[in-house]
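Subject: Structure handover

Hello,

Here is the structure I promised to pass on. Please open it alongside this note.

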Amino acid sequence: MAGDIVPGVPWRWVATPNHGDARASTLGVVVHSTRGGAGSLATEYMQTVRFCAQGPPVNSAQVGPHWVVGPAQVTRMVHDQDTCYCQTVDNPTHIGIEVCQPFPTTAYTEFQYHATADLCARYCVKYRIPVSYIGKQYTATVIKPGILGHEDTRAGWSRGKSDPGDRWNWSHFCQLLEAKHRNLTSPPDIWRGIGAGLVAYCKARGLLPRPEPALRWFDVYHDEYLWVKGNAAHPHGGMLTYRASTGEIGEMWWSRSP
Ligand SMILES: [Zn+2]
């Protein structure tokens with residue numbers, strides 16, 4: 001669907017009937033683990049996707065996450081804007097990611113950390129979610145924006161949920177998350193061409209004293225800025241610049257997909 005994030009890791013789409021309509025707001029991402037008891041991570045992944053793709057009576061609880069993270073690939077099951085079904089009262093405000101883990105004692109793989117951090121970093125950009133792990137919540141619903149585990153939501157821990165559990169290394173995850181977010185919001189080399197006296201023009205905010213790294217990416221998802229739209233001549237889009245000293249408007253076009 002237009003506007004869905006595109007992961008930086010191998011991915012596929014498998015539909016599920018278990019989801020709701022569009023969320024009104026997005027405050028964060030809830031990370032889960034599956035604990036389906038399969039004999040291998042690959043089997044756990046296959047079985048989780050197959051299970052979530054079905055409605056009742058097989059999937060009587062109607063579990064439907066946005067993503068399932070496997071050993072070498074991730075599966076999108078619910079479009080970004082739609083409401084997932086995997087974290088009860090927090091579904092209307094949070095993206096849900098199920099990381100496959102056969103048992104609570106099973107170690108997570110490096111791919112799973114990278115893939116989950118990649119997805120979360122893109123949602124942090126898209127929905128302007130703080131790039132941080134917010135930890136245990138004590139209100140009935142999660143109202144503090146950020147990333148957290150199912151076990152950190154009150155709806156989760158009050159019902160005995162302990163995923164993703166102590167095998168999930170949040171500090172390692174956060175290092176990856178911050179690095180990926182930085183990478184996503186860092187300006188490409190084209191910024192080197194902007195010299196002193198040049199400022200970026202932003203439709204929503206007028207003239208900016210200097211290009212803010214994140215603006216380029218926000219524009220991909222929000223129609224707030226003037227310049228990233230691609231057209232036939234410039235399929236990768238570009239931006240307008242404004243030279244304050246002369247009033248000159250300049251054009252810069254991406255030569256590659258940012
Ligand atoms: Zn969970």
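Below is what was found in it, starting with the chain as a whole.

**Ground rules**

This is a predicted model: local features need pLDDT of at least 70, side-chain atom pairs count only at pLDDT 80 or more, and totals for chains, interfaces and linings use all residues. Residues are numbered from 1 along each chain as its sequence is written.

**The chain**

The secondary structure comes to five helices and 12 strands. Helices (H or I, at least four residues) and strands (E, at least two) are DSSP runs, numbered from the N terminus. The chain has 258 residues, and 35% of them count as buried. A residue is buried if 20 or more other C-beta atoms lie within 10 Å of its own, exposed if 12 or fewer, and partly exposed in between; C-beta atoms are placed from the backbone. Two residues are in contact if their C-beta atoms, placed from the backbone, lie within 7 Å. Among contacts between residues at least 6 apart in sequence, 62% join residues at least 24 apart.

**Helix α1**

Helix α1 covers residues 41-52. Its 12 residues should span 16 Å at 1.5 Å a residue, and its end C-alpha atoms are 16 Å apart, which agrees. The expected span of a helix is 1.5 Å times one less than its number of residues.

Which residues of α1 are buried? They are Leu41, Glu44, Tyr45, Thr48, Val49 and Cys52. They cover an arc of only 120° around the axis, which puts them on the same side of α1. The arc is that of the directions from the helix axis to the C-beta atoms. These buried residues pack against β4 (67-69), β5 (74-76) and β7 (94-99).

Gln47 also lies in α1. Gln47 counts as partly exposed, with 16 C-beta neighbours inside 10 Å. Not counting residues up to four places away in sequence, Gln47 touches Gly36 and Ala38. Gln47 and Gly36 are 11 residues apart in sequence, and 8.2 Å apart in space, C-alpha to C-alpha.

**Helices α2 and α4**

Helix α2 is residues 110-127 and helix α4 is residues 170-185. The 18 residues of α2 should span 26 Å at 1.5 Å a residue; the end C-alpha atoms of α2 are 25 Å apart, which agrees. Of those 18 residues, 13 are buried, so α2 is largely enclosed by the rest of the structure.

How do α2 and α4 meet? They pack at an angle of about 50°, with their axes 8 Å apart. That makes α2 oblique to α4. Axes are lines fitted to C-alpha atoms, for helices over the stretch in contact, and angles run from 0 to 180 degrees between N-to-C directions. Angles under 35 degrees count as roughly parallel, over 145 as roughly antiparallel, 65 to 115 as roughly perpendicular and the rest as oblique. The crossing of α2 and α4 is right-handed. A crossing is left-handed if the near helix is turned anticlockwise from the far one by less than a right angle, and right-handed if clockwise. Among the residues that make the contact are Ala117 and Ala121 of α2, and Leu177 and Lys180 of α4.

Lys180 of α4 is buried, with 21 other C-beta atoms within 10 Å. Leaving aside its neighbours within four places in sequence, Lys180 is in contact with Ala117, Asp118 and Ala121. Lys180 and Arg122 are 58 residues apart along the chain, and their C-alpha atoms are separated by 8.4 Å.

**After α2**

Arg128 follows α2, in the loop between α2 and β8. Its phi is near 55°, a positive value in a residue other than glycine. Arg128 counts as partly exposed, with 13 C-beta neighbours inside 10 Å.

Val131 lies in the loop between α2 and β8 (146-149). Val131 touches Cys124, Leu177, Glu178 and His181, not counting residues up to four places away in sequence.

**Backbone points to check**

- Pro56 and Pro57 are joined by a cis peptide bond, with omega about 5°. Pro57 is found in the loop between α1 and β4.
- The peptide bond from Asp163 to Pro164 is cis, with omega near 5°. Pro164 lies in the loop between α3 (154-157) and α4.
- Arg35 has a positive phi, near 55°. Arg35 sits in the loop between β3 (28-33) and α1, and counts as buried with 20 C-beta neighbours inside 10 Å.

Best wishes
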